[in-house]
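The sequence and structure come next.

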Amino acid sequence: MCGITVRVGDGDAVAELLGGLENLEYRGYDSAGIALQNDVGVSIVKREGRLDHLREELDSGSLHGSIGIGHTRWSTHGPPTDENAHPHTDCTGEIAVVHNGIIENYRELREELQADGHVFTSETDTEVIPHLIESGREEGLSPERAFRRAVDVLEGSYAIAAIVDGTDAVFATRQGSPLVLGRGAQKYFLASDIPAFLEHTDEVVYLKDGDVVRVETEGYTVTNVDGEVVTREVERVDWSPEDVGKAGYDHYMLKEIHEQPTALRQTVRGRVDSLSNDVDLEAFPPGTFSGIDRIHLVAMGTSTHAAMYAESLLTENGVDAGSYLAGEYATAPPPAGPCTLVIAVSQSGETADTLAAVRSIQGTDVRTLAVTNVVGSSLTRECDGSVFIRAGPEIGVAATKTFSSQVLTLSVLAERLVRDITGHSIENTGSFFEALSRMPGDVQRLLDDSSARSLAEKYLGSDAYFFIGRNSCYPVALEGALKFKEITYEHAEGFAASELKHGPLALVTSETPVFAIFSGGDDDTKTLSNVKEVQARGAPVVAVASNSSREAIEQADDVLLIPDTHPVLSGVLANVQLQLVAYHAANELGRAIDKPRNLAKSVTVE
Ligand code: F6R
């Protein structure tokens with residue numbers, strides 16, 4: 001799990017490489033480094049810790065060059081140290097390599113190379129790559145042939161970029177890890193993700209697995225696994241550079257929470273037609289899913305909670321659906337056949353566990369569908385079809401706007417599935433489409449009026465924080481707890497409201513506030529009983545509810561009010577309140593909100 005940047009072109013590359021790394025820090029941030037090709041050979045600076053350490057080192061202005069590669073790391077092999085930071089070199093220091101992913105056969109390769117006299121200076125799997133290129137060079141191969149031959153023996157998932165002294169080019173490839181090319185004016189970029197170079201160009205080329213690209217100041221050439229030159233389409237992305245800045249907010253997370261009305265507008269735009277009473281899901285017209293009789297939703301983390309939300313919506317409407325942690329599904333998949341549809345939900349489209357779940361059924365007759373934010377991501381290439389959540393880039397490690405967009409996208413998809421499979425409609429349960437269309441405005445009103453900040457301050461210092469809900473509010477309870485724990489580092493747990501009395505109640509005291517989520521539907525009565533149970537043990541209760549849940553509001557010690565909506569969508573609004581509570585609590589505690597300890601935005605290892 002790391003970020004790669006490459007810059008080739010006129011002028012000095014240092015500032016643009018550093019800028020790119022800054023925009024990729026969400027992919028990993030325990031060490032960073034850059035290597036430049038210049039008139040003295042290949043020069044490298046790399047440092048343990050945040051990017052600032054590297055920046056301080058480079059401020060002396062000692063490093064120059066117009067061709068460079070950069071890397072920000074999140075350790076998988078070897079602790080975060082200067083030695084283990086990328087770029088890595090061969091024995092001569094003439095070849096430098098950055099890598100994202102895992103080389104599974106690195107131990108065998110390392111032993112063979114050491115037996116041939118190569119000397120290793122790090123504990124990483126990556127270091128075998130420059131040494132492999134070096135042995136190709138020793139045998140007289142051109143830099144490109146040596147690079148290609150090195151890649152041929154690698155097993156695992158990777159995106160790699162390399163420079164070789166004396167060659168004004170960067171060689172790069174990908175296999176199971178992301179790598180995109182950016183085409184600017186007299187310069188080219190390669191990166192793990194588009195925000196790395198978006199301020200310089202919006203023209204991108206999505207490389208495919210097995211592609212090898214040679215990038216020079218004059219242009220680039222892509223060749224496929226067989227070494228044949230191939231054309232990869234240049235596409236224009238519509239993300240503006242401001243989309244990846246903080247836009248005046250203290251943290252990306254807060255900015256992204258406030259972007260939700262816009263994100264949700266984009267998510268539902270053109271997809272819900274309250275006049276024709278139907279949904280329009282681009283490539284999935286009515287009847288697409290007619291033969292399906294069972295849905296498996298696979299995902300990890302926050303995306304699992306969105307998947308559970310969809311499961312609840314589908315089962316409530318007569319569709320046989322189950323959600324699974326993708327990492328578990330990958331090793332123990334439940335029975336599936338030609339009438340099963342597997343929906344893989346992932347913001348990044350790069351989560352290794354989710355990809356593994358999809359791969360576990362590849363080659364069978366099970367149909368797969370990706371629900372993701374990232375066009376061109378690995379998941380979209382591995383699934384039979386894709387639906388995009390259209391939330392825009394999310395930089396904060398904690399997923400916020402993408403959860404809301406996932407739930408709304410899955411709600412639209414659920415309507416298509418319910419219609420195709422059962423012939424009924426969620427819309428018939430009462431103004432579902434209208435509620436979906438109103439959601440961006442509802443979220444805006446909630447953001448304008450939220451009292452989450454004072455509430456977070458009031459309960460700061462509690463022993464633990466519990467979150468309860470039932471049906472579609474159960475995954476929101478889990479998500480509320482996940483968000484709270486990941487950015488405050490405080491103990492937080494989510495439960496199905498019915499589960500509390502089967503054990504967790506033993507933890508409830510006057511020092512454990514309980515956030516109870518109410519849908520405004522028939523299930524409110526039972527959740528209210530659970531609220532009384534915890535209050536009887538002295539716990540203060542915060543109801544996250546709309547005015548439709550009058551009794552709950554009267555019973556609770558505190559209230560986070562949400563606008564009235566269709567009961568199956570109340571959870572989306574409740575979740576926004578809980579995002580704000582987590583944010584303000586973490587801010588009060590002075591936590592590293594956008595980059596919580598031990599976490600990374602995209603987890604590309606199983
Ligand atoms: C939590 C969070 C993670 C991700 C999980 C899956 O805030 O962001 O739990 O949801 O790592 O990531 P994606 O959705 O990219 O597959």
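With which residue does E25 form a salt bridge, and how far apart are the closest N and O atoms? The partner is K595, and the closest N and O atoms lie 2.8 Å apart. The model is a predicted one.

**Domains**

The domain assignment divides the protein chain into domain 1 (3-243), domain 2 (246-444) and domain 3 (450-606). Taken over C-alpha atoms, the centres of domain 1 and domain 3 are separated by 43 Å.

**Domain 1 against domain 3**

The contact between these two domains involves nine residues of domain 1 and 10 residues of domain 3. Interface size is often expressed as the accessible area lost when the parts come together. Between domain 1 and domain 3 the buried area is about 890 Å², and carbon and sulfur atoms give 60% of that area. On the domain 1 side, the residues that lose the most area to domain 3 are Y26, Y29 and W74, which together account for 54% of what that side buries.

Polar links across this interface were counted as well. One salt bridge is found between domain 1 and domain 3, and one residue pair is in polar contact, with both residues at pLDDT 80 or more. The side of domain 1 that touches domain 3 consists of four nonpolar, two polar and three charged residues.

**Salt bridges**

Side chains of opposite charge can pair when their charged atoms come close. The structure as a whole holds 29 salt bridges. Two of them are listed here.

| Salt bridge | Closest N and O atoms |
|---|---|
| E25 and K595 | 2.8 Å |
| E16 and K187 | 2.7 Å |

What does the pair of E16 and K187 link? It links distant parts of the chain, 171 residues apart: E16 belongs to helix α1 (residues 14-24) and K187 to strand β10 (residues 187-191).

**A six-stranded sheet**

An open sheet is built from six strands in the order β5-β6-β7-β8-β12-β13, and the pairing is antiparallel. Its edge strands, β5 (88-89) and β13 (219-223), each pair on one side only. Strand β5 runs antiparallel to β6 (residues 95-103), and two bridges join them. Which residue of β6 is the bridge partner of H88? That partner is V97.

Notes. Residues are numbered from 1 along each chain as its sequence is written. This is a predicted model: local features need pLDDT of at least 70, side-chain atom pairs count only at pLDDT 80 or more; totals for chains, interfaces and linings use all residues. Side-chain values use heavy atoms; hydrogens and water are left out. Domain bounds come from an automatic or database domain assignment. Contact means heavy atoms within 4.5 Å. Buried area is the accessible area (1.4 Å probe) that two parts lose on being put together, summed over both. A salt bridge is a side-chain nitrogen of Lys or Arg within 4 Å of a carboxyl oxygen of Asp or Glu. A polar contact is a pair of N or O atoms within 3.5 Å; within protein, one must be able to donate a hydrogen and the other to accept it, and residues adjacent in sequence count only if both atoms are side-chain atoms. Ala, Val, Leu, Ile, Met, Phe, Trp, Tyr, Cys and Pro count as nonpolar, Asp, Glu, Lys and Arg as charged, and the others, Gly among them, as polar. Two strands pair if DSSP finds at least two bridges between them. Helices (H or I, at least four residues) and strands (E, at least two) are DSSP runs, numbered from the N terminus.
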